[in-house]
Every structure is written in structure tokens, then in C-alpha cells.
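Then turn to the aromatic rings.

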Amino acid sequence: MRWGEKIWFDGELIPFSEAKVHVMMHTLHYGVGVFEGMRAYRLDDGTPGIFRLEEHLKRFAFSARAYKLELPYTLEELKKAVIETVRASGFGDCYIRPIAFINLTQIGLYPSERRLSVAIGVLEWGKYLGKAYERGARVATVRWRRPPPDVLPANAKAIGNYLNSYLATLEARERGFDEALMLDHRGFVSEGPGENVFLVKNGRALTPPVHASILPGITRGTVMVLLREKLGLSVEERDITLGMLYDADELFFVGTAVEVTPIVEVDGITIGNGQPGSITRRLQKLYEDAVRGRVEEYRGWITRVE
Ligand code: PMP
């Protein structure tokens with residue numbers, strides 16, 4: 001993990017080591033804040049391209065709105081800020097992390113103002129699940145469920161949500177699995193701690209709906225388009241049971257960090273023939289081509305960093 005030398009912090013690029021906050025800051029105590037995760041890829045002409053920048057920033061803005069927090073920058077300003085930060089890093093392939101927080105040294109849940117500070121960092125970061133990208137992930141359902149819809153808005157990417165994701169990840173890793181899979185409060189399949197899940201059965205793709213307490217991923221949206229338009233599959237958002245998952249022909253995770261990662265085992269049950277499925281393999285290649293600007297009709301998803 002190598003960080004870019006500069007952090008964009010409230011309007012200016014400053015050295016990484018100077019991007020600091022106070023230990024008594026509101027967000028550090030209560031987790032009230034929002035963030036994003038996106039990737040840039042080096043395109044074939046050498047220019048970095050940010051994948052689906054606008055969609056990520058729109059979700060960033062929604063996440064803040066869902067918590068009645070004020071992002072003090074417009075979409076255009078944030079776009080410029082992200083581009084500037086990527087450019088300053090000199091990186092080609094990189095992960096981009098915008099974060100917005102209540103930068104006040106106040107105790108008590110009700111802050112005197114809800115105007116956020118915004119910081120953007122970039123880092124070189126490989127495949128989130130490492131070798132599982134090639135060989136397929138071994139996953140396990142964990143005891144921690146996704147929060148029910150009347151506990152918090154799971155479709156907002158808020159800092160505090162990740163306590164749940166953290167516990168799920170810890171449990172899966174400590175039991176020797178690559179990744180966790182979480183159920184929603186009803187017992188239906190929800191998602192991984194940082195990725196959405198798809199199953200393929202008899203040439204149809206299914207993925208859990210928003211009401212299954214998922215974060216509706218940008219990659220999930222991208223993959224729905226690729227499956228329909230390029231691989232000719234029907235894609236449905238439907239409640240999925242664990243039994244349906246065990247019986248899938250193919251399973252895979254999708255997300256900015258994991259991209260498209262095959263799942264070959266769930267709870268000790270082999271999926272398909274235990275190898276990454278052929279549709280999953282084709283989708284991995286297609287996704288890689290799309291993010292690198294090699295698919296003409298999807299170039300509009302890419303913001304070039306000239
Ligand atoms: N679910 C959760 C809980 C996540 O943290 C992420 C990563 N942001 C995703 C799904 C995938 O979202 P995206 O494709 O937008 O990265």
C-alpha cells in the first residue's frame with residue numbers, strides 16, 4: 001500500500017504528513033461521516049482514467065444528505081479536486097479515497113454545525129482479495145447480519161456502517177476464509193463487507209435488492225449492464241436464500257476494490273465444479289477492458305486525467 005504524496009484537504013493539496021485532525025474530533029468518536037472508494041486505471045495511451053467518477057461523487061453527496069450533513073463543495077468542485085489529487089500523485093492505477101467528516105472538537109452527538117471537512121487521498125492498492133481474483137474466493141456466512149432498514153440507511157456509505165463490515169471480516173479471516181458473506185435481518189443473502197454478490201443459475205443472473213440492506217454498488221450497476229448488453233444474460237434483483245446460493249452454477253463478488261472476484265466455496269460447499277465459472281471469467285475480462293477504456297461504448301464512464 002503506497003500513498004500518494006499529497007492529500008487534498010478542504011480546498012488545497014498539502015503534504016501527506018500534514019493532513020491531520022484533532023483526536024477530540026466529533027467523527028472520530030461517533031463515526032458520523034461519509035466516504036467513497038473509486039479507482040483510476042492507466043489507459044492504453046498512458047493517461048490515468050477515473051472509472052465512474054460522477055456516479056461515485058453522486059453517492060458521496062447522497063450519503064451526506066442521508067445524514068443531514070452539508071458537503072461544502074459542488075459536484076463540479078469535487079470532480080476537479082479528485083482529478084487534481086490523482087494528477088499530483090503521478091499514479092496510473094490507483095485507489096481514491098474521499099472522506100468527509102465533522103471536523104469539530106465537540107463532545108455530544110448533536111454538533112453545533114454539520115458542515116463537513118473533506119479530504120481526498122490516493123494510493124496504489126492491488127486486488128482487495130489478492131490471489132482469490134484468479135483462484136476464486138472461499139467465503140463463509142458469519143454471525144453478524146447487515147443492519148435492518150430501520151436501524152440505518154445501508155445505501156449510504158457512512159463511516160459507522162463499517163463497524164458491522166469490520167466484525168464480519170474479522171470473523172471470516174480468523175476462521176481462515178478469504179471473505180465474509182452477510183445475511184440481512186430476515187435471513188436473506190445481503191452482501192460482503194465491502195462488495196456486492198451475484199449468482200448465475202441456468203444462464204440467469206440474480207443479485208440481492210436494495211431492501212436486503214446492501215450498499216448499491218457502482219460496480220454492481222456496471223456489471224448489470226455488462227451482463228445484459230455483452231453477455232446476453234437476464235439480470236434480476238431478487239431475494240436470495242442461502243440454499244439458492246449453495247445451488248448456484250457460478251457466484252462472484254463485485255466492487256471497486258475486488259472488481260469481479262469469483263467465489264468457489266460457501267460454508268464448505270463447493271460452487272459449480274469448484275473453479276471460477278466461465279461467465280465469471282468472461283465478465284472479469286470485460287470489466288477490465290471497460291475500466292481501461294477498451295470498450296468503445298463504455299468510454300463515457302471514464303474521466304481522463306490529462
Ligand atoms: N457493499 C459495501 C458494503 C461496500 O463497502 C462496497 C464498496 N464501496 C460495495 C458494496 C461495492 O460498491 P462499489 O461497487 O460502489 O465499490
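A polar side-chain atom of Lys157 lies 2.8 Å from a nitrogen atom of the ligand. That is a polar contact (a pair of N or O atoms within 3.5 Å). A polar side-chain atom of Arg59 lies 2.9 Å from an oxygen atom of the ligand. Ile218 uses its backbone instead: an N or O atom there is 2.7 Å from a ligand oxygen. The protein covers 96% of the 380 Å² of accessible area that the ligand has on its own (Shrake-Rupley method, 1.4 Å probe).

This is a predicted model; local features need pLDDT of at least 70, side-chain atom pairs need 80 or more, and totals for chains, interfaces and linings use all residues. Residues are numbered from 1 along each chain as its sequence is written, and side-chain values use heavy atoms, with hydrogens and water left out.

In all, 16 residues surround the ligand, each with a heavy atom within 4 Å of it. The closest are Tyr162, Glu191, Ile218, Thr219 and Thr256. By class, the shell has 4 nonpolar, 7 polar and 5 charged residues; Asp, Glu, Lys and Arg count as charged, and Gly counts as polar. Helix 2 (53–66) and helix 6 (218–229) each give two or more residues to this shell. Helices are DSSP runs (H or I, at least four residues).

Now the rings. The whole structure has 10 aromatic pairs, with ring centres within 6.5 Å. One is Trp3 with Phe16: 5.5 Å centre to centre, 40 degrees between the planes, hence tilted (under 30 degrees is stacked, over 60 edge-to-face, the rest tilted). Trp3 lies in strand 1 (residues 2–3) and Phe16 in the loop between strand 3 (12–15) and helix 1 (26–30), so the pair ties together parts 13 residues apart in sequence. Strands are DSSP runs too (E, at least two residues).

Conventions: A polar contact is a pair of N or O atoms within 3.5 Å; within protein, one must be able to donate a hydrogen and the other to accept it, and residues adjacent in sequence count only if both atoms are side-chain atoms. Rings of Phe, Tyr and Trp (its six-membered ring) pair if their centres lie within 6.5 Å; planes under 30 degrees apart count as stacked, over 60 as edge-to-face and the rest as tilted.
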